[in-house]
Amino acid sequence: MSQFYLAALQLALCLSPMAIGIFITMKVFNIPDITTDGSYTLGATVTAVLMTAHYPIALVLPISILAGAMAGTATGFIHTKLKIDALLSGILVMTALYSVNLMIMGRSNIPLVNLKTIFSYFNGMGNEVYGQLVMALMMALVILLLIIYLLKTDFGIAMRATGNNPVMTSALGINNDRIKIIGLALSNSLTALSGFLVAQYQGFSDINMGIGIVITGLGSVLIADALRNWFHVKKISMQLILVLVGAIAFQSVLAFTLSIGIDPNFLKMVTAVFVLIIVALPRISSSMSKNRS
Amino acid sequence: MLRIQNITKIFNKGKEDEVRALDNLSLQINKGEFVVVVGANGSGKSTLMNLILGSYAPTSGQLLIDDNDITPLPEYQRSQWVSMVFQNPAMGTAPDLSVIENFRLAALRTKSKKLSIGNDEAFHQLVKEKIKTLGLGLESKTVQPMGSLSGGQRQALTLLMGVMDKTSILLMDEPTAALDPKSSAVILQLAEKINRELGITIILITHSMKDALQYGNRLLHFKAGKLEHDLNADQKRQLQLNQLYDWFG
């Protein structure tokens with residue numbers, strides 16, 4: 001496999017917690033949350049600041065996750081307690097997080113050179129790239145299994161039902177507001193985890209690294225959704241596995257785009273067009289089949 | 001026991017389109033009663049149901065269940081006493097979740113939803129046995145998404161879900177309005193059985209005068225936000241269909 005695609009695979013695995021987080025807000029709760037752009041950078045920012053202060057990774061990881069959870073909680077509170085539209089709540093928190101991230105970092109970019117990262121633990125495998133890949137894969141699988149378990153528990157069933165029929169869940173004794181706040185906190189903690197991983201993978205944290213990242217996660221979820229409809233997948237565990245597959249497919253397409261020589265400056269546009277195609281294709285094909293019949 | 005004390009509900013108060021849906025209503029419903037509620041559209045029946053459930057807050061007045069003042073409680077907190085069968089079968093179930101997952105939530109209505117998997121084989125077996133009592137052959141469909149079942153099947157399951165956990169009052173807001181006659185009969189006979197065997201208080205709203213006479217042991221008639229008639233079991237038995245129609249004249 002070329003280095004291009006190996007790097008894409010590793011990046012996809014690092015971004016898969018974020019994709020799972022977006023799946024939770026978008027598909028489980030039916031909430032369009034774009035706090036993601038801010039909480040992803042927040043995870044990277046906290047990671048960079050703590051790592052350069054030589055805090056152990058075992059401490060940096062939970063603090064990054066907690067920071068993301070706090071961002072999600074803020075969005076959840078604004079949405080449920082102040083009754084502000086979920087999209088606007090996310091935009092407000094995302095905008096505020098730009099300043100918060102800048103304040104935490106003290107500058108716009110922190111390089112992570114000559115520091116022991118989470119990926120350094122597998123460097124002894126001989127090939128550094130494969131070592132990093134194994135670590136990224138392990139992290140992605142652990143998160144995947146934890147979320148599959150969570151969504152099968154009684155609490156997880158309540159989460160899924162809240163997004164599916166809030167009238168019913170309220171009548172069944174579920175505090176919809178509280179469970180939405182928990183869902184948004186969980187989703188953004190997963191996004192921050194992706195920020196934690198990507199900052200170490202690319203060797204720096206940058207104030208602008210989160211701009212448009214929600215589209216990457218959204219693209220992964222939409223690919224998963226297309227595959228789910230295609231294969232008639234009903235089980236929640238399989239739907240989550242498809243999100244991981246979607247994240248890998250998404251990054252592979254971007255890697256292919258770069259490999260055929262498209263200017264990297266057009267990468268965001270390629271991402272947007274790719275997502276547009278994923279969203280539009282099922283609608284175009286269904287309207288074409290209607291016209292034919 | 002449910003006590004409704006001087007309840008008034010005004011929609012759009014102080015505006016041009018102000019509606020007084022319920023006007024100083026006082027009513028006591030005793031434990032184990034099967035109360036059938038009739039009335040023309042806009043008479044206040046559904047408003048009463050939504051006030052008990054907690055979907056609406058009263059403009060004034062008080063609601064008490066077993067001496068607990070439930071007036072300030074939100075809907076999800078009232079669920080420890082009240083369960084609901086909605087008019088639309090789709091309202092009472094989560095269509096993307098499996099039948100068994102819907103029942104799991106119903107079984108936890110008054111309990112906390114923990115981070116453990118309670119949807120195990122023993123629970124599955126319990127639900128299958130309960131569903132089997134319906135005689136609709138649905139016990140083999142417990143892993144199917146709830147949304148794949150017909151309206152009648154979903155409504156029958158919703159009724160069973162309503163008594164999966166302890167409940168004092170079962171509210172049924174025109175539960176058979178969207179169903180065929182056969183499914184309607186299944187639902188109402190099941191409600192009667194639940195009332196008789198479990199002693200759960202049932203409040204049923206219906207537009208079917210035939211059902212209003214056939215089921216229940218108390219009949220309430222609402223007109224323009226006021227309680228016009230309140231018949232006990234004996235008075236209800238003597239009531240004729242044409243007399244009932246006259247109330248709507």
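Trainee: Among contacts in chain B between residues at least 6 apart in sequence, what percentage join residues at least 24 apart?

Mentor: Start with the term. Two residues are in contact if their C-beta atoms, placed from the backbone, lie within 7 Å. In chain B, 69% of the contacts between residues at least 6 apart in sequence join residues at least 24 apart. Before going on, note that this is a predicted model: local features need pLDDT of at least 70, side-chain atom pairs count only at pLDDT 80 or more, and totals for chains, interfaces and linings use all residues. Residues are numbered from 1 along each chain as its sequence is written, while chains are lettered from A and ligands numbered from 1 in the order in which they are written.

Trainee: What radius of gyration does chain B have?

Mentor: The radius is taken over C-alpha atoms, and the globule rule is 2.2 Å times the number of residues to the power 0.38. For 249 residues, a compact globule would come out near 18 Å; chain B has 18 Å, which agrees. Along the principal axes, the C-alpha atoms of chain B fill a box of roughly 50 × 40 × 35 Å.

Trainee: How many helices and strands does chain B have?

Mentor: Both are DSSP runs, numbered from the N terminus: helices are H or I with at least four residues, strands are E with at least two. Chain B has 9 helices and 10 strands.

Trainee: In what order do the 6 strands of the open sheet stand?

Mentor: Strands pair if DSSP finds at least two bridges between them. Chain B's open sheet runs β6-β7-β8-β3-β9-β10, with mixed pairing. β6 (82-85) and β10 (226-231) of chain B are the edges; each has a single partner strand, so one side of each lacks a neighbour in the sheet. Direction ignored, neighbouring strands of this sheet are turned by 20° against each other on average. Look at β3 (34-39) and β9 (218-223) of chain B: they pair in the parallel sense over 5 bridges. There, Val37(B) stands opposite Leu220(B) in β9(B).

Trainee: Which strands does helix α1 of chain B touch?

Mentor: Angles run from 0 to 180 degrees between N-to-C directions; axes are lines fitted to C-alpha atoms, for helices over the stretch in contact. Helix α1 (45-53) of chain B packs on the sheet and touches β3, β6, β7 (169-173), β8 (201-205) and β9 of chain B. Its direction makes about 145° with that of β7(B). Helix α5 (151-162) of chain B touches β6 and β7 of chain B, at about 175° to β6(B).

Trainee: Which strand runs antiparallel to β1 of chain B over 7 bridges?

Mentor: That is β2 (19-29) of chain B, joined to β1 (2-11) of chain B. Ile7(B) stands opposite Leu25(B) in β2(B). β1(B) also pairs with β4 (60-65) of chain B, in the antiparallel sense over 5 bridges. Thr8(B) has Ser60(B) as its bridge partner in β4(B).

Trainee: How many residues does the contact take from chain A and from chain B?

Mentor: The contact takes 19 from chain A and 28 from chain B. On the chain A side, α6(A) gives the largest share, 7 residues.
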